[in-house]
Amino acid sequence: MTIKSLKTLVNEASKEIKTISADEAFKMVESQECNLIDIREIKELEKTGRVENSVNISRGMLEIFLDPNSVYFQEGKLDQNKEMVLFCAGGVRSALAVKA
């Protein structure tokens, strides 16, 4: 099995996902059209701060939190009727997370 480089994985993911600008995400949050999900690790948040109106679900826990049968999902922190907008520090993890 050939292992793909990170650059290749991100390029492939980018072809299949919708990418929006920070301004577009801000407008979606302001108009309450999306769930803004910060997938950075807690140590990053402690160092750089949180983004207002976002929910933190670290990349490692994303599939667990977004499983409709999980206790986390059923807590109702996310609105199932709104688009999910994921972000991280540089866009790499969020691109791969959306693809997953």
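1. Within what distance do the axes of helix 1 and helix 6 come, and at roughly what angle do they cross? In this predicted model, the axes of helix 1 (residues 6-16) and helix 6 (residues 92-99) come within 9 Å, and the crossing angle is roughly 60°. Helix 1 is therefore oblique to helix 6. The crossing of helix 1 past helix 6 is left-handed.

2. The residues behind this helix contact can be listed. Helix 1 contributes Leu 6, Leu 9, Val 10, Ala 13 and Glu 16, and helix 6 contributes Val 92, Ala 95, Leu 96 and Lys 99. Sorted by class, the contact of helix 1 with helix 6 has seven nonpolar residues, two charged residues and no polar ones.

3. Leu 96 deserves a separate entry. Leu 96 belongs to helix 6 and has a relative accessibility of 25%, so Leu 96 counts as partly exposed. With residues up to four places away in sequence not counted, Leu 96 touches Leu 6, Leu 9, Val 10, Ala 13 and Arg 59. Leu 96 and Ile 17 are 79 residues apart in sequence, and their C-alpha atoms are 9.3 Å apart in space.

4. The next entry concerns strand 1. Setting aside residues up to four places away in sequence, Asn 35 touches Leu 78, Asp 79, Lys 82, Glu 83, Met 84 and Val 85. From C-alpha to C-alpha, Asn 35 and Ser 54 are 7.3 Å apart in space, while 19 residues apart in sequence.

5. Glu 33 is found in the loop between helix 2 (22-30) and strand 1 (34-38). The relative accessibility of Glu 33 is 46%, so Glu 33 counts as partly exposed. Apart from neighbours within four places in sequence, Glu 33 is in contact with Met 28, Lys 82 and Glu 83. Glu 33 and Lys 18 are 15 residues apart in sequence, and 15 Å apart in space from C-alpha to C-alpha.

6. Gln 32 is found in the loop between helix 2 and strand 1. Phi of Gln 32 is near 55°, which is a positive value in a residue other than glycine. Gln 32 has a relative accessible area of 56% and is therefore exposed. Asn 53 sits in the loop between helix 3 (42-48) and strand 2 (54-56). Phi of Asn 53 is near 65°, again a positive value in a residue other than glycine. The relative accessible area of Asn 53 is 51%, so Asn 53 is exposed, given a cut-off of over 50%.

7. Phe 26 lies in helix 2. At 53% relative accessibility, Phe 26 counts as exposed.

8. The last entry concerns aromatic rings. How many aromatic pairs does the count come to? The count comes to one aromatic pair. Phe 65 and Tyr 72 form that pair, with 4.3 Å from centre to centre and 25° between the planes, and the pair is stacked. The stacked label follows because planes under 30 degrees apart count as stacked. Tyr 72 has a relative accessibility of 37%, so Tyr 72 counts as partly exposed.

Technical notes
Residues are numbered from 1 along each chain as its sequence is written. This is a predicted model: local features need pLDDT of at least 70, side-chain atom pairs count only at pLDDT 80 or more; totals for chains, interfaces and linings use all residues. Side-chain values use heavy atoms; hydrogens and water are left out. Rings of Phe, Tyr and Trp (its six-membered ring) pair if their centres lie within 6.5 Å; planes under 30 degrees apart count as stacked, over 60 as edge-to-face and the rest as tilted. Buried means under 20% relative accessible area, exposed over 50%, partly exposed in between (1.4 Å probe, protein chains only). Axes are lines fitted to C-alpha atoms, for helices over the stretch in contact, and angles run from 0 to 180 degrees between N-to-C directions. Helices (H or I, at least four residues) and strands (E, at least two) are DSSP runs, numbered from the N terminus. Angles under 35 degrees count as roughly parallel, over 145 as roughly antiparallel, 65 to 115 as roughly perpendicular and the rest as oblique. A crossing is left-handed if the near helix is turned anticlockwise from the far one by less than a right angle, and right-handed if clockwise. Contact means heavy atoms within 4.5 Å. Ala, Val, Leu, Ile, Met, Phe, Trp, Tyr, Cys and Pro count as nonpolar, Asp, Glu, Lys and Arg as charged, and the others, Gly among them, as polar.
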